[in-house]
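Morning, everyone. Please look at the screen, and I will walk you through one model.

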Amino acid sequence: KAAFNGGVLKPAMMQAAITVLLTWLRSQKVNLFLSFFLFVSMVHINIPSPPGKVIYQTNIRRGWKGGTKIKYESSGAEVVFVLQESRHDTFTRVGNNLHTQVEVSVEQLRRGCTLTLNPLCKTDEPIELKL
């Protein structure tokens, strides 16, 4: 199906049909089974194998926003990934900044305290705020 959608199957079938027809015209003693086998073999040989699996890897940098395009050149073709932002449970984006809301009691403000926030990335250390 992919060969048909990619436009590869039609030329392969045409080449196989011409080869079988020319073979049959040269020697009309070739039976139908042998002609069919030749046709299928020619189609199978002329359809290129699908490309191998390609893995693209990148680090998403801080400050990249939704709609940022990441481009790769691969075997003569350009592959483009477009970042999409999703909602986060703790942080919201405002421009280039991340905002969050934390509830602090009056007592904590009066005495002073240290708040610990989980970072956006698991490889970063927790964020500590001293009030």
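Start with Arg93. Buried or exposed, or something in between? Arg93 is partly exposed, with a relative accessible area of 31%. Keep in mind that this is a predicted model. Arg93 has a partner: Glu85 forms a salt bridge with Arg93. The closest N and O atoms of that pair are 3.6 Å apart. Why can such a pair form? Side chains of opposite charge can pair when their charged atoms come close.

How many salt bridges does a search of the whole structure find? Three.

Now go to helix H4, residues 106-111. Glu107 forms a salt bridge with Arg110. There the closest N and O atoms are 3.5 Å apart. The two residues sit three apart in H4, so about one helical turn separates them. Glu107 also pairs with Arg111. For that salt bridge the closest N and O atoms are 2.9 Å apart. Arg111 and Glu107 are four residues apart in the helix, again about one turn. So what do we get? Glu107, Arg110 and Arg111 are linked in a network of salt bridges.

How accessible are these three? Glu107 is partly exposed, at 36% relative accessibility. Arg110 comes out at 63%, and counts as exposed. Arg111 is exposed as well, at 69%. The cut-off for exposed is over 50%, so Arg110 at 63% passes it.

Next, how far can we trust this? The mean pLDDT of the protein chain is 78. Of its residues, 79% reach 70 or more. Where is confidence highest, and where is it lowest? Helix H4 has the highest, at a mean of 89. Helix H1, residues 2-5, has the lowest, at a mean of 50. Where pLDDT is low, the predicted coordinates should not be read in detail.

Now the overall layout. The protein chain has four helices and six strands. Read along the sequence, the pattern is α-α-α-β-β-β-β-α-β-β. The chain has 131 residues, and 12% of them count as buried. It exposes about 11700 Å². Carbon and sulfur atoms supply 56% of that area. What about contacts along the chain? Take those between residues at least 6 apart in sequence: 25% of them join residues at least 24 apart.

Ala12 lies in helix H2, residues 9-26. Its relative accessibility is 4%, so Ala12 counts as buried. Now compare sequence with space. Ala12 and Val43 are 31 residues apart in sequence. From C-alpha to C-alpha, Ala12 and Val43 are 5.3 Å apart in space.

On to the strands. Strand S1 covers residues 69-74. Which of its residues are on the covered face? Ile70, Tyr72 and Ser74. Lys69, Lys71 and Glu73 make up the uncovered face. Why the every-other-residue pattern? In a regular strand the side chains alternate between the two faces of the sheet.

Strand S2, residues 77-82, pairs with S1. Six bridges join S1 and S2, and they run antiparallel. The bridge partner of Ser74 in S2 is Ala77. S1 and S2 form a hairpin, with two residues between them. Ser75, in the turn, has a positive phi of about 45°.

Last topic: the rings. A pair of aromatic rings is described by the distance of the centres and the angle of the planes. How many aromatic pairs are there? The count comes to three. One of them is Tyr56 with Tyr72, a tilted pair. Centre to centre, Tyr56 and Tyr72 are 4.8 Å apart, with 40° between the planes. That pair links distant parts of the chain. Tyr56 is in the loop between helix H3 and S1, while Tyr72 is in strand S1, 16 residues away. Tyr56 is partly exposed, at 28% relative accessibility. Tyr72 is buried, with a relative accessible area of 18%. Tyr72 also pairs with Phe81. The ring centres of Tyr72 and Phe81 are 6.0 Å apart and the planes lie at 80°, so this pair is edge-to-face. Phe81 is partly exposed, at 40%.

Conventions. Residues numbered from 1 in each chain as written. Heavy atoms only, no water. Salt bridge = Lys/Arg side-chain N within 4 Å of Asp/Glu carboxyl O. Buried < 20%, exposed > 50% of the residue type's maximum accessible area, 1.4 Å probe, protein only. pLDDT = per-residue confidence, 0-100. Contact = heavy atoms within 4.5 Å. Areas by Shrake-Rupley, 256 points an atom, 1.4 Å probe, with all protein chains shown as cover. Pairing = 2+ DSSP bridges. Phe/Tyr/Trp six-rings, centres within 6.5 Å; stacked < 30°, edge-to-face > 60°.
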